[in-house]
Amino acid sequence: DSITEWPNINLDYSLVTVFGEYLVDRFGPNMLNETLHYGSFGIASLNEYLILRGTNLGQVFIDWMTASYLNDKSVDPKYGYSRSELAKIKVRPQSSVSFSDNFTEYITPVTVKDWQPYWAEYDLRYLSDASRSLRIEMIGQPGQNFLMSYITYYSNGQIEVKKFNLANNRGIAFALNSPSRKIDRVAILVT
């Protein structure tokens, strides 16, 4: 569900509440109050506040998606929640796929609305060949604006979060596998 649509269901309240908690946790309790004093309102007001602090709402939204999935401040302080009541919050992916040695290619179409979080997880633990890496390709519709990042979990306990670089509604990224750093799973976050 998009945080900008409001069909007035419980999911709307929970998403917006947790996003608000994240914003206050990351930028301080006066953040939302300060946005009320700008000439703009809603998303534009939040974006104006964030631009003045060297970021933007799109970047913060994808960081929030990462925090909601990973919730581990040891990876990066912006990828988790400080409040003890939110310490165990972790979203489940809307899509989850396990790969085996028989997989050479997996294609899945996904449709997301503006400001709608989408999480997908790909389990690579069952691949016997550690030299096989994961190639992730995203293709959007012309005029579509979307953001993406991905989280790679390695068998040695390391976790990497990377942003997707998009050009002309297209982006390619790689999660590299090796015998010393075998990929366990990759989570893809799209909005």
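The model is predicted, so local features need pLDDT of at least 70 and side-chain atom pairs count only at pLDDT 80 or more, while totals for chains, interfaces and linings use all residues. Residues are numbered from 1 along each chain as its sequence is written, and side-chain values use heavy atoms, with hydrogens and water left out.

A salt bridge is a side-chain nitrogen of Lys or Arg within 4 Å of a carboxyl oxygen of Asp or Glu. Eleven salt bridges are found when the whole structure is searched.

One of them joins Asp63 to Lys163, with 2.9 Å between the closest N and O atoms. Asp63 belongs to helix H4 (residues 57-70) and Lys163 to strand S5 (residues 159-163), so this pair links distant parts of the chain, 100 residues apart. Helices (H or I, at least four residues) and strands (E, at least two) are DSSP runs, numbered from the N terminus. Asp63 is buried, at a relative accessible area of 0%, whereas Lys163 is partly exposed at 30%. Buried means under 20% relative accessible area, exposed over 50%, and partly exposed in between (1.4 Å probe, protein chains only).

Glu137 and Arg170 form another salt bridge, their closest N and O atoms being 2.5 Å apart. Here strand S3 (residues 134-139) contributes Glu137 and strand S6 (residues 170-175) contributes Arg170, 33 residues apart. Glu137 is partly exposed, with a relative accessible area of 30%, and Arg170 is also partly exposed, with 42%.
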